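Biologist: I am new to this structure and would like to learn how to read it. Could you take me through a helix pair and then a strand with its neighbours?

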Amino acid sequence: METGSGQDTGPVAGEPVWIGLPPGLLRMRRLLLVVWLGLIALALALLLGVFAGPVWAACALLPLAVIAWGWVMLGRNWASWRYAERADDLLISRGVLWREETVVPYGRMQLVEVTSGPVERHFGLASVQLHTAAAATDATIPGLEPAEAERLRDRLTELGEARSAGL
């Protein structure tokens with residue numbers, strides 16, 4: 001069972017140890033939601049208030065309702081993301097309504113990248129992107145702390161080289 005810390009309560013024999021995403025990713029996404037939709041609500045209220053009258057300006061409440069709905073949905077989506085390192089592959093699981101689990105064998109990895117855009121850097125986050133020979137199995141783990149992203153990149157690269165040497 002998933003806890004609020006993003007870590008599982010304990011491993012069950014034979015089950016992978018799942019690791020959740022850090023809460024910084026959720027904070028970043030929620031802040032972006034509030035800023036962008038808040039600006040849209042403000043602009044809509046001003047435009048409708050000036051050109052259509054104050055009664056129509058109440059339509060600007062719609063983006064505020066979307067903020068409330070999006071706040072909850074972002075939390076559910078964030079809680080659904082997790083990954084696990086197994087002996088021969090990496091598992092990435094995500095999704096609320098449609099669960100998606102990606103299995104990336106270490107021996108099939110061709111490139112492991114750590115990326116961090118300006119907003120991610122501001123929040124102290126980085127993403128790990130895995131590239132394989134088959135484009136359909138490329139995978140990304142977003143919003144990791146930079147130290148964890150680098151550790152994961154180094155470990156996956158090391159395991160990928162060891163597994164591909166045996167092919």
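This is a predicted model: local features need pLDDT of at least 70, side-chain atom pairs count only at pLDDT 80 or more; totals for chains, interfaces and linings use all residues.

Biologist: At what angle do helix α1 and helix α2 pack?

Modeller: Helix α1, spanning residues 23-51, packs against helix α2, residues 61-80, at an angle of about 165°, and their axes lie 9 Å apart. Because an angle over 145 degrees counts as roughly antiparallel, α1 is roughly antiparallel to α2. In passing α2, α1 makes a right-handed crossing.

Biologist: Turning to the strands, how many residues of strand β6 are buried?

Modeller: Strand β6, which runs over residues 126-132, is mostly covered, with 6 of its 7 residues buried. As a general idea, side chains in a regular strand alternate between the two faces of the sheet.

Biologist: How many bridges join strand β5 to β6, and which residue stands opposite V112?

Modeller: Strand β5, residues 109-115, runs antiparallel to β6 and is joined to it by 6 bridges, and V112 has L130 of β6 opposite.

Biologist: And over how many bridges do β6 and strand β7 pair?

Modeller: β6 pairs with β7, residues 139-144, in the antiparallel sense over 4 bridges. Here L130 stands opposite A139 in β7, and L130 is also the residue opposite V112.

Methods
Residues are numbered from 1 along each chain as its sequence is written. Side-chain values use heavy atoms; hydrogens and water are left out. Axes are lines fitted to C-alpha atoms, for helices over the stretch in contact, and angles run from 0 to 180 degrees between N-to-C directions. Helices (H or I, at least four residues) and strands (E, at least two) are DSSP runs, numbered from the N terminus. Angles under 35 degrees count as roughly parallel, over 145 as roughly antiparallel, 65 to 115 as roughly perpendicular and the rest as oblique. A crossing is left-handed if the near helix is turned anticlockwise from the far one by less than a right angle, and right-handed if clockwise. Buried means under 20% relative accessible area, exposed over 50%, partly exposed in between (1.4 Å probe, protein chains only). Two strands pair if DSSP finds at least two bridges between them.
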